[in-house]
Amino acid sequence: MDTNSSLRALPSVDQLLRSELAVAAIERFGRPAVTEVLRDTVADLRRKVLQGHPIQASEIILDNLVASLEERQRTTLRPLYNLTGTVLHTNLGRALLAETAIDAAVAAMRSAVSLEYDLDSGKRGERDDHLRALICELTGAENATVVNNNAAAVLLVLNSLAAGKEAIVSRGELIEIGGAFRMPDIMARAGARLVEVGTTNRTHKSDYANALGPDAGLILKVHTSNYRIEGFTKEVKPQELKDIAHKGAVPLVHDLGSGTLTDLTRFGLAHEPTVREAIDEGADIVTFSGDKLLGGPQAGFIVGRKDLIQAINKNPMKRALRVDKIRMAALEATLKLYRDPERLSQRLPTMRLLSRSREEIGAQAQRLAPIVAKAVQGAFNVAVVDCASQIGSGALPLATVPSAGLALTVIDGGGRALEELSAALRRLPVPVIGHIERGSLVLDLRCLEDEAAFAANIAGLDMRAGQAGGNSQS
Ligand SMILES: *Cc1c(COP(=O)(O)O)cnc(C)c1O
C-alpha cells in the first residue's frame, strides 16, 4: 500500500465512535472525553503512517482507548502509604483524621447545616460559635477564632494588632518554616514593622524593654519549632515577656506553631508546650495549627483575650481567611476527643501512630519481611531494622521515636537500582513512599496500620521501568 491509500484506510473518529467498545466507554467517561482521545489517537496514527509505520487495526486502537481514558480519569491527589518515618509529613498531607471527624465532615458535606444560623432564635448565628466554647474549655482561653491555617492566623493577628506599628521579635525567633513562610515577610505583608531585638543566640529582657516605644504594636514570641539553638543561649521566658509587654501597654502574642492540647509525655514523647501552658504563662494571644500535633484538618487557631479576639474578628481579612463548614465539622469532632485524653491514643490517628511501640512495629516488620522479599523477587535483600521516626511539621525537631522497618539493599551493584525500586514503589496502585538512607531504601512501618492491604498491594510490584499509569502494553 502506498502512503495515500494507507491514510485512507485509517478508521475515522466517527466510525470508531460507533463501535460497541466506544459506546460502552461513552457510558463510563462521557462523549467529549472519548471523542478527544480517539481524535488524538487517529492523529497520532496518521503521523505514524506518514513515517512509514503500518496501520493498526481498529481493535487495537479501541483496546488502548479504555486504558487511556482510565489514565486521564485517575486523580493526581492519591492515597498512599507514608512509610517515610515522619508522622506529620507536610508534603503528604499531615494529620490523618479521626473516624468521628471524618463522619462529621461527610455529614456536613451532604447536607445544609446551621453554619451561621442560630437554631434557638431562628436568627443569624456566628460561624465561630460552634467551636468557641470547646476551644476555651480545652485551653483556658477567654475567646477563640479559627482561620485557614496557622500562617493565616499569624498574618491576621499581626495585621489586626500591629498594622502601621512595630512588632518586636527576638533575632533568635525569626524563623522560616518552609513553603515561603518567613516571619519577616509575613510581617511586611501584614503591614507591621519588624523590630528585631537581641542576637541570634541570646536575647535579654532589656532588649525587649529598650525596644518598646510609642509605636510598638505587640511583642511576638515564636516557638522555634523546627530548630534548636543550643550552647551559649538565652531567651526571655513568656512570663517575663508578659510583664514587659504590659508595662508598654501592648499585647504579648505567642505563635506556638504545632501547639498541642495535651501533655505528650503521656504518650512517651518529649514535652511540647501546650496551649493551656502558653495561656497560663500570660500570652494575650496564642496561635497554633489544626493539622500538626492536634491531629485535625488544616486550620489555624487564634485564642486568648476576649477584646483582642473581637478586634481580630472585625478585620475584613478574617472573611478571606475563614474556614468552611466541612473543616468546621471535622474540627469540632476532633476537639471533642480531647475531653477524654486517656483514649486519645486509640481514637486520634496522630496519637495512635506516635504511641505505637518499637516492639509492636518490629513484630509487624518481621511478618512483612518475607512478603516484601517475595515482591522484589530476590533483586534486593530485605532486613528488619531499627528506625527513628520523627513527629514532623516542626514539632519537637530533635526528638525521635524508636521504631522499626524494612531496609532494602541491592544485592549486586546496580548504581540506580534503589532509585528504580523507589520509582516502582511509587507506581503501585497505592504508592509506597519510603526514604533512602545510607545505601538502603528504608520503609519505616510506624504509620502502617492495614497490614493485609499493604501485603496485597505490594504483591503487584513491577520493577520494569516505564510502566507508568497502567497503560496496556501493546
Ligand atoms: C507550622 C508553623 C506555622 C505555620 O502553620 P501552618 O498551619 O502550616 O500554616 C507558623 N508558625 C510556626 C512556629 C510553625 O511551626
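1. In which helix is Lys 205 found? Lys 205 is in helix 10, residues 205-211. Helices here are DSSP runs of H or I with at least four residues, and strands are E runs of at least two, numbered from the N terminus. Residue numbers start from 1 along each chain as its sequence is written. The model is predicted, and local features need pLDDT of at least 70, while side-chain atom pairs count only at pLDDT 80 or more.

2. Lys 205 is partly exposed, with a relative accessible area of 44%. Buried means under 20% relative accessible area, exposed over 50%, and partly exposed in between, using a 1.4 Å probe and protein chains only. Together with Lys 234, Lys 237 and Lys 247, Lys 205 forms a positive surface patch. Patch residues have over 30% relative accessible area and no salt bridge; like charges are joined within 9 Å, and nonpolar side chains (Val, Leu, Ile, Met, Phe, Trp, Tyr) within 5 Å.

3. Another lysine, Lys 374, is in helix 18, residues 358-375. Lys 374 is exposed, at 68% relative accessible area. From Lys 374 to Glu 126 the C-alpha distance is 57 Å, and the two are 248 residues apart in sequence.

4. Helix 8 covers residues 150-162, and its 13 residues should span 18 Å at 1.5 Å a residue. The expected span is 1.5 Å times one less than the number of residues. The end C-alpha atoms of helix 8 are 17 Å apart, which agrees. Helix 8 is mostly covered, with 11 of its 13 residues buried; among them are Asn 150, Val 154, Leu 158 and Ala 162. Gly 164 follows helix 8 and has a positive phi, near 75 degrees.

5. The structure holds 29 salt bridges, each a side-chain nitrogen of Lys or Arg within 4 Å of a carboxyl oxygen of Asp or Glu. One of the salt bridges joins Asp 291 and Arg 94, with the closest N and O atoms 3.0 Å apart. Asp 291 lies in the loop between strand 11 (285-289) and strand 12 (300-304), and Arg 94 in the loop between strand 1 (81-82) and helix 6 (99-110), so the pair ties together parts 197 residues apart in sequence. Both Asp 291 and Arg 94 are buried.

6. Glu 126 and Arg 132 form a salt bridge at 3.5 Å, N to O. Glu 126 is partly exposed, at 40% relative accessible area.

7. Asp 324 and Arg 327 form a salt bridge at 3.3 Å, N to O. Asp 324 is partly exposed at 30%, whereas Arg 327 counts as buried at 18%.

Conventions: Heavy atoms only, no water. Areas by Shrake-Rupley, 256 points an atom, 1.4 Å probe, with all protein chains shown as cover. Lys, Arg positive; Asp, Glu negative; His and termini not counted. Charge placed at Lys NZ, Arg CZ, Asp CG, Glu CD.
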